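Visitor: I would like to learn how to read a structure like this one, taking one feature at a time. Could you show it to me and then guide me through it?

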Amino acid sequence: MEKVKTINLNKEFGAVRAVQDVNLIINEGEILGLVGESGSGKSTLGRLILNLLEPTSGEVVFEGKPINKIPLSELRQKMQIIFQDPYSSLNPRMKIFDAIYEPLKIHKKFSKARVAELLDLVRLPQSFISRYPHELSGGERQRVVIARALALNPSFIVCDEPVSSLDVSIQAEILKLLKDLQQKLNLTYLFIAHDLAVVYNFCDRVVVMHDGRLVEENTPELLYKDPQQEYTRKLINAIPKKLYQLLA
Ligand code: ADP
Ligand code: MG
């Protein structure tokens, strides 16, 4: 089943054509990688899909319905986003309990037990509820951000470079957690990365974005083995050699 479909999607910021004629299908239950250099339009595409931005032209369809016909509160329950920087995604003056409880409160689901359940899901100790974000490591903060994103039981999550600001060892931990959650909860991910190495073991399928356009699509294995575009080849060559040998 198609979870998300974009039809001739365009977004212009003045003279900048950030997203150009994007036709994309994200199937239910898959992890679709979206890679490209910084500035290629990945975040803009993610935000258009979540209806956080209005397209200049074109359409986003979610579960068979045009996205602008779905009530906003329903959308915010079903679709979520996880950003790169877990520190700026959390209010520094809010304790971890309140950070995770907030979306539940907004949607009138006053369940404290759900907060405990979410901490278990992201494998954080219950004692963290009374801590503040600055008392946590980067990886722990990103776990809180993930718990918060899962609070309302979404079925689709845009992960916008969720591990880019973390140390390599912590990156692997968070990726493993995201993968486990995806399988356990049958989630669909659009997983954005500027680094092709990150998507290799993680995604079912990868699309490559260049100057606002999707230029190539394949399984990660075939994309590495036989890139069709010069641009994709450059992205592969930009992966540190040591890391690439690990992957190959
Ligand atoms: P990526 O996530 O791949 O780094 P972005 O989607 O953030 O790329 O940006 C794509 C292009 O659109 C860039 O040229 C960026 O400067 C521009 N852009 C993004 N958001 C805005 C905005 N709110 N106003 C003006 N230009 C923007
Ligand atoms: Mg971005």
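This is a predicted model: local features need pLDDT of at least 70, side-chain atom pairs count only at pLDDT 80 or more; totals for chains, interfaces and linings use all residues.

Visitor: Which residues are around ligand 1?

Guide: A residue is near a molecule if one of its heavy atoms lies within 4 Å of it. Here the residues around ligand 1 are Phe13, Val16, Ala18, Glu37, Ser38, Gly39, Ser40, Gly41, Lys42, Ser43 and Thr44. Helices (H or I, at least four residues) and strands (E, at least two) are DSSP runs, numbered from the N terminus; helix H1 (42–49) and strand S2 (16–27) each supply at least two residues of this shell, and H1 gives the most, with three.

Visitor: Which atoms lie 2.6 Å, 3.2 Å and 2.8 Å from an oxygen atom of ligand 1?

Guide: A polar contact with a ligand is a pair of N or O atoms within 3.5 Å; within protein, one must also be able to donate a hydrogen and the other to accept it, and residues adjacent in sequence count only if both atoms are side-chain atoms. A polar backbone atom of glycine 39 is 2.6 Å from an oxygen atom of ligand 1, a backbone N or O atom of serine 40 lies 3.2 Å from one, and an N or O atom in the side chain of lysine 42 is 2.8 Å from one.

Visitor: How many disulfides does the structure hold?

Guide: A disulfide is a pair of cysteine sulfur atoms within 2.5 Å, and the structure holds zero of them. The sulfur of cysteine 203 is 9.1 Å from the closest cysteine sulfur, in cysteine 159, which is too far for a bond.

Visitor: Is cysteine 159 buried or exposed?

Guide: Buried means under 20% relative accessible area, exposed over 50%, and partly exposed in between (1.4 Å probe, protein chains only). Cysteine 159 is buried, at 0%, and cysteine 203 is buried as well, at 8%.

Visitor: Where does aspartate 195 lie?

Guide: Aspartate 195 is in the loop between strand S8 (188–193) and helix H7 (196–200), and with a relative accessible area of 25% this residue is partly exposed. A polar atom of the aspartate 195 side chain lies 2.8 Å from the backbone nitrogen of alanine 197.

Conventions: Residues are numbered from 1 along each chain as its sequence is written. Chains are lettered from A and ligands numbered from 1 in the order in which they are written. Side-chain values use heavy atoms; hydrogens and water are left out.
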